[in-house]
Amino acid sequence: MNSASITPVFTAVLCLLFSVQTANGLLKRCVECRSRGELGSCKDPFTMNSTQIQEEKGVEAVPCASGWCGKIIESQNLNNEYGTATQRMCLQRGPDDGEERCAYTKWMNKKVYMCFCMGDLCNGSSFVTPSTGLIFVILSILMQWFV
């Protein structure tokens with residue numbers, strides 16, 4: 001077997017391994033923190049990477065059995081008299097339709113902006129990131145064109 005025929009097989013095996021890991025929840029963690037105001041570590045936009053999370057007091061990367069992470073923003077213009085507060089957490093379950101999204105909703109008798117996402121540390125960013133498996137599938141297709 002030459003190297004040109006091994007590359008697609010090797011890439012496919014890597015994709016399968018990462019997809020299985022993601023499906024089993026081995027890679028799914030959520031950022032867990034809460035802060036109020038502009039000086040808090042949990043605020044939006046969240047600028048820490050996974051290494052910095054481990055070093056920051058009050059911010060954790062916690063395992064999440066459901067795989068669904070959440071972010072809640074309570075702000076003054078949403079009837080919160082104490083200023084903007086941001087909370088990131090693992091959710092017990094995701095939305096019924098299984099769709100990632102952000103929307104205004106009621107939470108604990110307050111009007112808040114809430115986001116749901118599925119993926120490793122997905123609630124640590126301002127946007128929804130593609131899954132690791134999807135990234136490897138795309139890379140394997142691109143590699144086949146250039147190899």
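Below is a chat about the disulfides, sheet and cores of a predicted model.

User: Before we start, what kind of model is this, and how are residues numbered?
Analyst: It's a predicted model: local features need pLDDT of at least 70, side-chain atom pairs count only at pLDDT 80 or more, and totals for chains, interfaces and linings use all residues. Residues are numbered from 1 along each chain as its sequence is written, and side-chain values use heavy atoms, with hydrogens and water left out.

User: OK. How many disulfides does the structure hold?
Analyst: Five. A disulfide here is a pair of cysteine sulfur atoms within 2.5 Å. Counting bonded cysteines along the chain, the pattern is 1-5, 2-3, 4-6, 7-8, 9-10.

User: Take Cys 30 and Cys 69. How far apart are their sulfur atoms?
Analyst: They sit 1.9 Å apart. The torsion about that S-S bond is about -85 degrees, so the disulfide is left-handed. Cys 30 lies in strand β1 (residues 29-36) and Cys 69 in strand β3 (residues 68-74), so the pair ties together parts 39 residues apart in sequence. Strands, like helices, are DSSP runs numbered from the N terminus (E, at least two residues, for strands; H or I, at least four, for helices).

User: Are Cys 30 and Cys 69 buried or exposed?
Analyst: Both are buried. Buried means under 20% relative accessible area, exposed means over 50%, and partly exposed is in between (1.4 Å probe, protein chains only).

User: And which hand does the Cys 33 and Cys 42 link have?
Analyst: That link is right-handed, with 70 degrees about the S-S bond. Its sulfur atoms are 2.0 Å apart, and both Cys 33 and Cys 42 are buried.

User: What about Cys 102, which cysteine is it joined to?
Analyst: Cys 115, S to S 2.0 Å. The torsion is about 115 degrees, so this disulfide is right-handed. Cys 102 is in strand β5 (residues 101-107) and Cys 115 in strand β6 (residues 110-118), so the bond ties together parts 13 residues apart in sequence. Cys 102 counts as partly exposed at 36% relative accessibility, whereas Cys 115 counts as buried at 8%.

User: Switching to the sheet: what's the strand order?
Analyst: The open sheet of six strands runs β2-β1-β4-β3-β6-β5, with antiparallel pairing. Two strands pair if DSSP finds at least two bridges between them. β2 (60-63) and β5 stand at the edges with a single partner strand each, so one side of each is left without a neighbour in the sheet.

User: How many bridges join β3 to β6?
Analyst: Six, and the two strands run antiparallel. Lys 71 stands opposite Cys 115 in β6.

User: Now packing. Which residues make up the largest nonpolar core?
Analyst: Eight of them: Val 31, Cys 33, Cys 42, Phe 46, Met 48, Ile 53, Val 59 and Leu 121. A nonpolar core is a set of buried Ala, Val, Leu, Ile, Met, Phe, Trp, Tyr and Cys residues joined through side-chain atoms within 4.5 Å. Apart from that one lies another core of seven residues, including Trp 68, Met 89, Val 112 and Phe 116.

User: Last one, Ser 35. Where is it found?
Analyst: In strand β1, and Ser 35 is buried, with a relative accessible area of 11%. The side chain of Ser 35 reaches the backbone nitrogen of Lys 43 at 3.4 Å.

Conventions. A polar contact is a pair of N or O atoms within 3.5 Å; within protein, one must be able to donate a hydrogen and the other to accept it, and residues adjacent in sequence count only if both atoms are side-chain atoms.
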